[in-house]
Amino acid sequence: MTGNDSFGEKWSEVEVAKAALLDAARSAAITRQHKRGKKTARERLALLFDEGRFDEQGGLVSPPNGDRADAPADGVITGIGRIDGRFVAVAAQDFSVYGGSVGAYGGAKIQRLMDQCLAQGIPLVLLLDGGGHRIQGMQDSWHFARTGTFFADMARLTGWVPIVAAVMGDGFAAPTNFAAFADLVIMVRGIATMGLTGPALVKAATGETIGKEELGGADVQVDQNGLAHLGAANEEEALAAIRRYLSYLPSNARAAPTEGTRDDPRDRSCDMLVDVVPADTRKPYDVRKVIREIADRDSVFEIQPSWGASAVTAFARMDGRAVGFIANQPMRLGGMLTAPACEKIARFIAICDAFGLPLLYLIDIPGFAIGPSAEKAMLGRRSGKMIAELAHATVPRLSLVLRKGYGGGYVAMCGGRGFMPDAALAWPTAEICPMSIEGSVDVAYRKDYEAAPEPATRRQEIIDGMRAMISSLRAAGGLGVDNIIHPADTRRVFNDVLSRAVGRRQLPMPPKFRAIAPI
Amino acid sequence: MAGTIISIEGQVGEVVDAEETIAIMESMKMEMSIVAPAAGTISEILVAEGDAVVENQPLVRII
C-alpha cells in the first residue's frame, strides 16, 4: 500500500505540473491573448487535431531551478496528434509566453520535433505567432554563436514530408524564415504578418514609419506579393485549410497516397463542358468551372487563388485519387502566363511531384505576358522556372488543349510531346500555333499586305488562310495530339489515362549531381 | 498591362462584391474582365468605353 501511496503522490505531482501549463491555470495571460483577437496556442491545437487531442512532448521543460511558471513549455507547444487518423507533428508558438519567442528549451523542442519528422516521415505543422530568438537573457554569444541545425533540417524535410505553416499573429523575422520552408503558408487576415523585419526594427534601422499591416499583412503578402499562399478569414478557416491540404498528400514521399471517397461516378459524362468554351476566341470564361466539372464532386482545393490569377493551381481528386490541376484562366488577363502565374505553377509542380500527384494541364493560353511590366517581373526567369520544374517532374502528366495553344506558353503548359505526357489531348475547339495569328501576320507579312491594292482585305485574307492551318484536326494529323476528345467525355478519358499511367518515371539524366535553377 | 476599355459593367451607386466584373478590357486580342479588388459601392467611373488605358490606371472608384 505504501508503494501505491508513493505512486499516487508522484503522479499527482506530475498532474499539478501539467495542469499549470493549461489555459485554465493561466487566465490573466489567456485573457490578454483573447483581447488581441487571437485564440491561444492550445485552443488552436484543439481545433487542429482529431477529437482535439494530441500527445504533448517537452511540455514540462524548466530551467535547472525547476521553476516552470516564468515560461510555461518555454513558449512553444510541441507534440504529435492525428489528423484524419494520421500522425502529424506540430509546433505552436505561445504568444502569451515572452511574445512567442524561442528560448533555449523551445529551440531544443522544435529541433526534437523536426528530428522525429525526418526519422518517422510525419508531416510537420507550424502555428506561428510571435518572435524569433528570445532576447530576454539570451542576447548572448554563449547561446547564439553556435546556432542550431534547424534551417538545414527544414531544408532536408522539404519534399520528404508535407510542411504547412499557418501564421496566426506576428510572423516577422524567424517565423517567416521558418515558413519559407513550408509547402503551404496560410495567413489569418487582419491578424497575421510576415516579413523579415517588423515595423519597430524598420523604424529603428532606417527611420521609415510603416504600419505592420501595410508592411506585411495578408493583403500585402498573400494577395500582392504571393509570399504566402492562402489568406484565411479567421483562425478556424486557417486550421481547416491545414487539414484539407494534408488530406491530399501522403504522410511522406514514400507513403501510400491517400484515397478519397469514390462516390462520384468514374465515367460521369461532363455535359456542361460542351459549351463552356465560347466560340469567339476573344471571350473569357471561368476555367474553374471546367476543373470542378472534371474532378470528383466537391474535391477541388485551389491554392493561391488571389495571386497569379491568370493561372489556376488546384488540388482535386479523380476517382478518389489526389491530383494537381494546372490551368490557364481566360477570365484573368486572358489566361496569359505572367511572372506570378509561372512562379505559382512552378512551386505547385514541385509539391505534386514530391508527393506523387499526377499533373493535369488544361491549356487555353494566348501566350506569355508582354511589355515592360512583364520584363520587370522577370518573366524570363519565372517562365524558365516553371519549365524546369516540369522537366524534372517524375509523376504522370497529361495535357488537354481547350482552346488556344499559342507559342512557348503552350510548350510550358506541357502541350505537345516536349515533356512526354501520358496523354496529349485536345477538344475540337483547340487551335495550336507558334504565335497569335494577327500578331504573326503583322510581323511576317506586313510588307506583303501593305503592297497590296487593298491592304486590309489582303491582311484578312492571310489571317483566314492561317486560321485554317491551326485546327485541332491538323494537330492530330501531325500526331501533335493523341486524340481529339468530346468535352463530355473528358472525365472518363482522364480517369482511364490516370489508371494506366506508371506511378513514377525514370528521367534520362546524365551523371550530374544536380540541376541549376534557371537564370 | 495596357489595353482598350470595351465596356463598363457597373454604374455609379452600384454595390459590387469583391471579384465582380466592373469593366472589360481588350488587349492582345482578348477580352479581359477587370474585377473589383474589394466589395463596396462604385462612387465614380473614371474612363469611358473606347479609352486606351495603361497598367495601374484607376478605372473606377469604389468606396
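## A salt bridge between the chains

R282(A) and E26(B) join their side chains in a salt bridge, with N and O 2.6 Å apart. The model is predicted. Between chain B and chain A, the count of salt bridges is three. Five residue pairs are in polar contact across the two chains, with both residues at pLDDT 80 or more.

On the side of chain B that touches chain A, strand β4 (residues 30–35) of chain B gives the most, with five residues. By class, that side has five nonpolar, one polar and five charged residues.

## The contact area

Chain A brings 17 residues to the contact, and chain B brings eleven. Together the chains bury about 1,400 Å². Carbon and sulfur atoms account for 56% of that area.

Chain A has an open sheet of seven strands. Their order is β1-β2-β3-β4-β5-β6-β7, and the pairing is mixed. From one strand to the next, the twist averages 20°.

Strand β6 (residues 184–188) of chain A pairs with β7(A) in the parallel sense, over three bridges. I186(A) has L230(A), in β7(A), as its bridge partner.

## Helices on the sheet

Helix α4 (residues 104–120) of chain A lies across β1, β2, β3 and β4 of chain A. This helix runs at about 25° to β2(A).

Helix α11 (residues 235–247) of chain A also packs on the sheet. Helix α11 touches β2, β3, β4, β5, β6 and β7 of chain A. Its direction makes about 165° with that of β6(A).

Conventions
Residues are numbered from 1 along each chain as its sequence is written. Chains are lettered from A and ligands numbered from 1 in the order in which they are written. This is a predicted model: local features need pLDDT of at least 70, side-chain atom pairs count only at pLDDT 80 or more; totals for chains, interfaces and linings use all residues. Side-chain values use heavy atoms; hydrogens and water are left out. Two strands pair if DSSP finds at least two bridges between them. Helices (H or I, at least four residues) and strands (E, at least two) are DSSP runs, numbered from the N terminus. Axes are lines fitted to C-alpha atoms, for helices over the stretch in contact, and angles run from 0 to 180 degrees between N-to-C directions. Contact means heavy atoms within 4.5 Å. Buried area is the accessible area (1.4 Å probe) that two parts lose on being put together, summed over both. A salt bridge is a side-chain nitrogen of Lys or Arg within 4 Å of a carboxyl oxygen of Asp or Glu. A polar contact is a pair of N or O atoms within 3.5 Å; within protein, one must be able to donate a hydrogen and the other to accept it, and residues adjacent in sequence count only if both atoms are side-chain atoms. Ala, Val, Leu, Ile, Met, Phe, Trp, Tyr, Cys and Pro count as nonpolar, Asp, Glu, Lys and Arg as charged, and the others, Gly among them, as polar.
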